[in-house]
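Biologist: Could you walk me through this one slowly, starting with how the chains meet?
Modeller: Gladly; have a look first, and then ask whatever comes to mind.

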2 protein chains.
Amino acid sequence: MVRKTKEDAELTKQRIIDAARAVFLTRGVSRSTLEHIATEATVTRGAVYWHFKNKTDIFYALRDRNFLPLIDRMYDTLGVRSDNIDPLTQIENSLCDTINQLNENTEMRQIYEIMMIKCEYVDEFATVLQQILSNCSNITEKIQMAYERAIEQNLLSTTLPPHALALDTHLFFSGLMHMWVKDADGSRFRHQAKALIQSHIKLRRL
Amino acid sequence: MVRKTKEDAELTKQRIIDAARAVFLTRGVSRSTLEHIATEATVTRGAVYWHFKNKTDIFYALRDRNFLPLIDRMYDTLGVRSDNIDPLTQIENSLCDTINQLNENTEMRQIYEIMMIKCEYVDEFATVLQQILSNCSNITEKIQMAYERAIEQNLLSTTLPPHALALDTHLFFSGLMHMWVKDADGSRFRHQAKALIQSHIKLRRL
DNA sequence: TTATATACAAACAAGAATGTATGTATACTG
DNA sequence: CAGTATACATACATTCTTGTTTGTATATAA
């Protein structure tokens with residue numbers, strides 16, 4: 001049984017990526033071998049080497065497929081200029097939506113866990129961190145724009161500049177994401193994540 | 001040249017821990033071998049195996065020596081009940097002090113970097129995460145107590161419960177620490193870390 | 001002073017993991 | 001329908017890494 005059709009080949013490629021996600025999650029990226037991944041995908045290392053250059057290549061494929069979409073989604077929900085929803089609520093909704101995504105989408109939850117606590121950012125992986133930082137900057141900018149609209153509409157209880165507010169919100173949410181991921185049993189943060197977001201926004205609402 | 005005095009032996013043990021910190025930092029924990037560490041400490045693996053059971057053992061020794069003190073210090077500076085300094089300023093000072101520590105103390109800066117982005121929390125390392133979460137709970141409790149005092153003294157601009165305020169502050173600072181570590185060149189977060197802390201506190205001051 | 005435990009260095013053995021090279025059945029192309 | 005490229009499986013060679021074992025000079029205890 002060899003030489004599948006193109007669709008079959010693409011399917012096994014996706015199966016390998018899925019397998020990598022499962023293996024990375026349980027063994028961490030470094031300790032995961034191509035043999036592990038191949039076995040999990042019920043193929044041999046031959047197939048893996050056919051589709052990917054090496055483990056790093058798989059990691060990047062996994063990130064592109066499962067991680068970046070979540071970033072994009074957050075970026076988009078923050079960006080839309082709505083007239084019938086105030087900017088503070090928009091920020092709140094956007095953050096809650098991301099938490100919802102993590103709750104509902106197993107793949108995204110796992111990919112976050114991998115990237116946050118099961119990957120060492122050295123050598124070939126160091127650049128990933130910078131890309132994440134870059135994404136964060138974009139998100140923060142969007143949040144800042146929302147706060148600027150909130151100021152225009154006189155919604156804020158504070159006179160802090162939108163730049164400071166945006167960074168504070170971003171850091172809050174960044175911390176929440178980290179804790180959400182680490183709180184595997186859900187007892188500390190996951191169960192009250194949305195309440196925390198609401199409090200955070202409420203704090204600056206007039 | 002063998003069989004040093006007890007003091008000498010303890011010295012080489014510390015040298016090995018220092019070497020491990022350096023090697024972990026540049027290669028990540030997983031990719032660091034005992035050979036790397038031994039060479040960095042200018043000893044052989046024989047010495048390493050004499051003082052430590054394995055790499056995990058070294059990691060824990062490193063954490064106990066360099067990481068836990070910072071936690072304790074933060075816990076302490078938050079805990080002292082001062083009469084001539086208001087609780088909000090106390091929180092602010094405590095957070096700033098931690099940032100100062102990171103700026104001034106190379107070892108602490110490196111150990112944080114290792115534990116945040118150069119270590120995979122699987123298997124033997126998984127428990128470390130839970131211990132960190134536990135530490136975080138303690139810190140949050142202390143922050144909450146400070147906010148309770150702030151309420152008593154009518155210092156707050158918000159009616160949010162101290163529990164929510166404490167978690168918001170903790171998450172903010174958690175995010176700040178993560179970003180501080182990742183922002184290696186200092187252009188994004190490190191240079192304005194203290195200003196961000198001040199803004200965060202100012203937001204809730206009456 | 002002698003015996004013993006200490007603090008390593010050096011050598012050894014075994015298993016992983018990687019990358020590559022080779023084999024091969026079959027989809028597809030001309 | 002023959003030839004070729006594809007999509008893998010299998011086999012191989014090499015390099016790392018680990019843990020253990022052995023050796024040994026010397027501080028220290030008796």
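**How the two chains meet**

Modeller: Between chain B and chain A an area of about 4,100 Å² is buried, and carbon and sulfur atoms give 63% of it; buried area here is the accessible area, taken with a 1.4 Å probe, that two parts lose on being put together, summed over both. Please keep in mind that this is a predicted model, in which local features need pLDDT of at least 70 and side-chain atom pairs count only at pLDDT 80 or more, while totals for chains, interfaces and linings use all residues. Residues are numbered from 1 along each chain as its sequence is written, chains are lettered from A and ligands numbered from 1 in the order in which they are written, and side-chain values use heavy atoms, with hydrogens and water left out.

Biologist: Okay, and how many residues does each chain put into the contact?
Modeller: Chain B gives 49 residues and chain A gives 49 residues, where contact means heavy atoms within 4.5 Å. Of the area that chain B buries against chain A, 17% is supplied by Glu120(B), Leu171(B) and Leu203(B), which is more than any other three residues supply.

Biologist: What about polar contacts between chain B and chain A, how many residue pairs are there?
Modeller: There are 16 residue pairs in polar contact, both residues being at pLDDT 80 or more. A polar contact is a pair of N or O atoms within 3.5 Å; within protein, one must be able to donate a hydrogen and the other to accept it, and residues adjacent in sequence count only if both atoms are side-chain atoms.

Biologist: And which element gives the most to chain B's side?
Modeller: That is H8(B), with 14 residues on the side of chain B that touches chain A; helices (H or I, at least four residues) and strands (E, at least two) are DSSP runs, numbered from the N terminus. By class, this side of chain B has 22 nonpolar, 15 polar and twelve charged residues, with Ala, Val, Leu, Ile, Met, Phe, Trp, Tyr, Cys and Pro counted as nonpolar, Asp, Glu, Lys and Arg as charged, and the others, Gly among them, as polar.

Biologist: Where does Asp123(A) sit, then?
Modeller: Asp123(A) is in the loop between helix H6 (106-117) and helix H7 (126-152) of chain A, and it has a positive phi of about 50° although it is not a glycine. With a relative accessible area of 48%, Asp123(A) is partly exposed; buried means under 20%, exposed over 50% and partly exposed in between, using a 1.4 Å probe and protein chains only.

Biologist: What does Asp168(A) pair with?
Modeller: Asp168(A) forms a salt bridge with Arg204(A), their closest N and O atoms being 3.1 Å apart. Asp168(A) lies in helix H8 (residues 162-182) and Arg204(A) in the segment after helix H9 (193-202) of chain A, so the pair ties together parts that are 36 residues apart in sequence. Asp168(A) counts as buried at 3% relative accessibility, and Arg204(A) counts as buried at 0%.

Technical notes. A salt bridge is a side-chain nitrogen of Lys or Arg within 4 Å of a carboxyl oxygen of Asp or Glu.
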